[in-house]
Amino acid sequence: MDKKRVLIIDGNNNYFRAYIVDPSVSANGSPIGGLRGFIKILQKLAREIRPNRIVICWDGSGGSTKRRLINRSYKDGRKPIRLNRNVNNLNLNEELENKIWQMTRLVEYINEMPVIQIMLDGVEADDLISAVAQHESMKNYNKVIVSNDKDFIQLCDSATILYRPTQEQVLNKKNIVAEYGIHPNNFCLARAMSGDKSDNLDGVDGVGLQTISKRFPFLSEETQYFIDDILNECKKHNGELKVYKNILEQQNKIKENYKIMQLSIPNISAQDKMKIDYILDNSECKFNKTKIVKMCIEDGIS
């Protein structure tokens, strides 16, 4: 008998993808692409994957407090999300207001659907997704994480895959090793060395994922390795190539990146874990079709 399936959706990632790509406007000319596009994405995923449960995780107010304590520059310098088309009837402030309205309204729509939503102040969706995927109530489910973010590769295992919709790419334990030469169990360690420009986290000079897989081939193994294993390997070869020297000299950067990037132990307080437990164990998922149709008419969504 097939295991049940749960869709775990990165809410912000998919909302902004829809907001940028979908050109829909309402009868009064206001953009509604983020709202309409996300609902279409959700319908398509539900139709194709046929999940038994759907959980959408949103970034909480302020993002990750704990990560910013480690690195104040975390996620600094990101450009504001803008429409990739001309909206002649909106100035910058109006566009911002519309973007926030669309997301707020989207949450209201989803509240009328058989879907669980989780958002906690000071907690990123990344940690919520990790907590949901590893939750006791999900142990008998196959998990499909929906996000374009490579950070979730580290969560892939025999029961968890990552679907990256923009790339139309499905990543599982086997093809991750084939593509990157790095096992999901060691992907966070590799990324701690290579860095993540999208999160404003510098990597070690001259060290990318290809170099890492070539110089540390043991990272393709299912065995989980740690920073000390990398440092010991570098000491064996120090003087042979600059990559080993750079890693040894910049090991503090790797350690800091690893603390920020790792998702195996979510950055969530005990109190917030209790909130997640309650939400997953007690949420009533109902489908109020009449209310949704009424909202669609109000917002000019067809």
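In which strand is Asp 10 found? Asp 10 belongs to strand β1, which spans residues 4–10. The structure discussed here is a predicted model.

- Asp 10 counts as buried because its relative accessible area is 5%, and the cut-off for a buried residue is under 20%.
- The side chain of Asp 10 lies 3.3 Å from the backbone nitrogen of Asn 13.
- Leaving aside residues up to four places away in sequence, Asp 10 touches Cys 57, Ala 125, Ile 129, Val 146, Ser 147 and Phe 152.

**Packing of helices α2 and α4**

- Helix α2 comprises residues 33–49 and helix α4 comprises residues 92–111. The two helices pack at an angle of about 35°, and their axes are 8 Å apart.
- The crossing of α2 with α4 is right-handed.
- On the α2 side, the contact is made by Gly 33, Gly 34, Leu 35, Phe 38 and Ile 39. These residues meet Trp 101, Gln 102, Arg 105, Leu 106, Tyr 109 and Ile 110 of α4.
- Sorted by class, the residues in this contact are 7 nonpolar, 3 polar and 1 charged.

**Helix α7 and its cover**

- Helix α7 is mostly covered, with 10 of its 11 residues buried.
- The buried residues of α7 include Phe 187, Leu 189 and Met 193, and also Asn 186, Arg 191 and Ser 194.
- Among the elements that cover the buried residues of α7 are α6 (173–180), α8, α9 (227–237), α10 (242–249) and α11 (251–261).
- Gly 195 follows α7 and has a positive phi near 85°.

**Aromatic pairs**

- Across the whole structure, a search finds 7 aromatic pairs.
- One of the aromatic pairs joins Phe 216 and Phe 218, with 6.1 Å from centre to centre and 80° between the planes. This pair counts as edge-to-face because the cut-off for that class is over 60 degrees.
- Phe 216 is buried, with a relative accessible area of 0%. Phe 218 is also buried, at 14% relative accessibility.
- Phe 216 and Phe 218 belong to one aromatic cluster together with Tyr 225 and Tyr 244.

**Positive phi values in loops**

- Most residues other than glycine have a negative phi.
- Glu 168 is not a glycine, yet its phi is positive, at about 50°. Glu 168 sits in the loop between β5 (160–164) and β6 (169–171).
- Glu 168 is classed as exposed because its relative accessibility is 68%, and the cut-off for an exposed residue is over 50%.
- Asn 200 likewise has a positive phi, near 60°. Asn 200 is located in the loop that runs between α7 (184–194) and α8 (209–215).
- With a relative accessibility of 31%, Asn 200 is partly exposed.

**Gly 62 and Gly 122**

- Gly 62 is part of the loop between β2 (53–57) and α3 (65–70). Gly 62 is exposed, and its relative accessible area is 63%.
- Gly 62 and Gly 122 are 60 residues apart along the chain, and 5.4 Å separates their C-alpha atoms.

Terms used: Residues are numbered from 1 along each chain as its sequence is written. This is a predicted model: local features need pLDDT of at least 70, side-chain atom pairs count only at pLDDT 80 or more; totals for chains, interfaces and linings use all residues. Side-chain values use heavy atoms; hydrogens and water are left out. Rings of Phe, Tyr and Trp (its six-membered ring) pair if their centres lie within 6.5 Å; planes under 30 degrees apart count as stacked, over 60 as edge-to-face and the rest as tilted. Buried means under 20% relative accessible area, exposed over 50%, partly exposed in between (1.4 Å probe, protein chains only). Axes are lines fitted to C-alpha atoms, for helices over the stretch in contact, and angles run from 0 to 180 degrees between N-to-C directions. Helices (H or I, at least four residues) and strands (E, at least two) are DSSP runs, numbered from the N terminus. A crossing is left-handed if the near helix is turned anticlockwise from the far one by less than a right angle, and right-handed if clockwise. Contact means heavy atoms within 4.5 Å. Ala, Val, Leu, Ile, Met, Phe, Trp, Tyr, Cys and Pro count as nonpolar, Asp, Glu, Lys and Arg as charged, and the others, Gly among them, as polar. A polar contact is a pair of N or O atoms within 3.5 Å; within protein, one must be able to donate a hydrogen and the other to accept it, and residues adjacent in sequence count only if both atoms are side-chain atoms.
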